[in-house]
Amino acid sequence: MVFGPEFGSFQPAYLAVLREIATRHRFDTCGRGKDALEIINTSFTITDPVDRIVYLAARKANVVFNHAEALWYLTGRDDVDMISYYAPQLRNLSADGARLTGTAYGPRLFRPGPPDARSQFRRVERLLGDDPDTKRAAMVIMRPDELVAPANPDVACTLGLQFLLRNGQLHMSAYMRGNDAVIGLLGDTFAFTFIQEFTARRLGVGVGTYAHHVGSMHINKLDVDKVDAMLAEATGPLPNRRFPVDPMPATSWETIREVAAWEQVLRDDRDQLTPGRLTTVRVDPYWRRVLALFECYRQIVHNPGKLVSRDILAELHPGHWWLVANRWPERVPAFPGSRA
Ligand code: 5HM
């Protein structure tokens, strides 16, 4: 066998990685102030990368952050202000308090640069159009100069992303030097498969498989109890928590700019999106559901002490409603029929 294991969707892959490290870790590491349990050379494949959400109560995944991070990447941003609104702890990774260097993959992937004033993404998109069987559609992320300052708090963990267009399907492979199996694995898989799906829809081809290859896969010891709770939940009597997958439509850069403009307005609390207003935003209903997520989060941040309104929750994808209610139970009425 020369392939890693294959999973239909992300959740079983996530659980398998956590279970492997929790029960059979190979190394105990202590790097940069974090003690961890580690395995090396992890690879797995997901056959339906659109099915990328983890519905585990004990994980308390932040689906608003996941979408914001994907948008932060697609718009080529590296500002702490946008991303720390969704994940305040990321501010600590920034050397100057304004920009994130390593964690911000957006500028490296999507910002035009020399020598041809194109982004890496545009180059590979063109290559895939001109030479579909190409093995060169790779975008490089980590840079050699990131190791020049040994104390750099933020060195990119992803070496690169590769597309392979085969039999009308766009496959993606991610190559990472290190990955936190609890937090990073979930967020990185979400963002990379989101970019994969965005690219496939733009090219008008199917979404192929997603493969994830990692040198050091680890669980920080501080997270061991949370991992045990997730593994217990997965082997216990699971409530029926299967929500339909929500495929992305073909999406233009204009739509991404429109969604990003609304994201900023909501983040700054300069306006709000009622269900009625939402229908006037000229983007596909899929992207309106994403904007409804940002509106829910605006209410959580900017209307402290108040419940998020039911009418905006009704605009969400049902799985997203379950996730935000699970993450912010004091602020979000439970998803109808939810037992956990
Ligand atoms: O010491 P080091 O630079 O590897 O610390 C960063 C750690 O953040 C990684 O080892 C990994 O555990 C986590 N990480 C991740 O899982 C960081 C990033 C940011 O590039 C990421 N996934 N995308």
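This briefing looks at a ligand and its surroundings, at salt bridges, and at a few single residues. The structure is a predicted model.

**The ligand and its surroundings**

- The residues that surround the ligand include Arg-32, Thr-103, Tyr-105, Cys-157, Arg-177, Asp-180 and His-218.
- An oxygen atom of the ligand lies 2.8 Å from an N or O atom in the side chain of Arg-177, while the backbone takes part at Cys-157, where a polar backbone atom is 3.1 Å from an oxygen atom of the ligand.
- At Asp-180, too, a polar backbone atom is involved, and it lies 2.9 Å from an oxygen atom of the ligand.
- Taken alone, the ligand exposes 500 Å², and 74% of that is buried by the protein.

**Salt bridges**

- In helix H1 (residues 10-24), Arg-24 and Glu-20 are four residues apart and therefore separated by about one helical turn, and their side chains meet in a salt bridge with an N to O distance of 2.9 Å.
- Both partners of this pair are partly exposed, since Arg-24 has a relative accessibility of 48% and Glu-20 has a relative accessible area of 22%.
- The pair also belongs to a network of salt bridges that links Glu-20, Arg-24 and Arg-26.
- In helix H10 (residues 285-302), Glu-295 and Arg-298 are three residues apart, which means that about one helical turn separates them, and they form a salt bridge whose closest N and O atoms are 2.9 Å apart.
- Glu-295 counts as buried because its relative accessibility is 1%, and Arg-298 counts as buried because its value is 3%.
- A further salt bridge joins the side chains of Asp-268 and Arg-270, at 3.1 Å from N to O; Asp-268 is partly exposed, with a relative accessible area of 36%, whereas Arg-270 is exposed, with 54%.

- The side chain of Arg-331 does have a polar atom that lies 3.3 Å from the backbone oxygen of Gln-299.
- Leaving aside neighbours within four places in sequence, Arg-331 is in contact with several residues, among them Gln-299, Ile-300, Asn-303, Pro-304 and Lys-306.

**Two further residues**

- Thr-42 lies in strand E3 (residues 34-46) and counts as buried because its relative accessible area is 10%, which falls under the 20% cut-off.
- Apart from neighbours within four places in sequence, Thr-42 is in contact with Val-17, His-212, His-213, Val-214 and Met-217.
- Asp-145 lies in the loop between strand E4 (138-140) and strand E5 (158-166), and at 45% relative accessibility Asp-145 counts as partly exposed.
- Asp-145 and Val-155 are ten residues apart along the chain, and their C-alpha atoms are separated by 9.7 Å.

Terms used
Residues numbered from 1 in each chain as written. Predicted model: local features only at pLDDT ≥ 70, side-chain atom pairs only at ≥ 80, totals over all residues. Heavy atoms only, no water. Polar contact = N/O pair within 3.5 Å; in protein donor to acceptor, adjacent residues only side chain to side chain. Contact = heavy atoms within 4.5 Å. Near = heavy atom within 4 Å. Areas by Shrake-Rupley, 256 points an atom, 1.4 Å probe, with all protein chains shown as cover. Helix = DSSP H or I, 4+ residues; strand = E, 2+ residues; numbered from the N terminus. Buried < 20%, exposed > 50% of the residue type's maximum accessible area, 1.4 Å probe, protein only. Salt bridge = Lys/Arg side-chain N within 4 Å of Asp/Glu carboxyl O.
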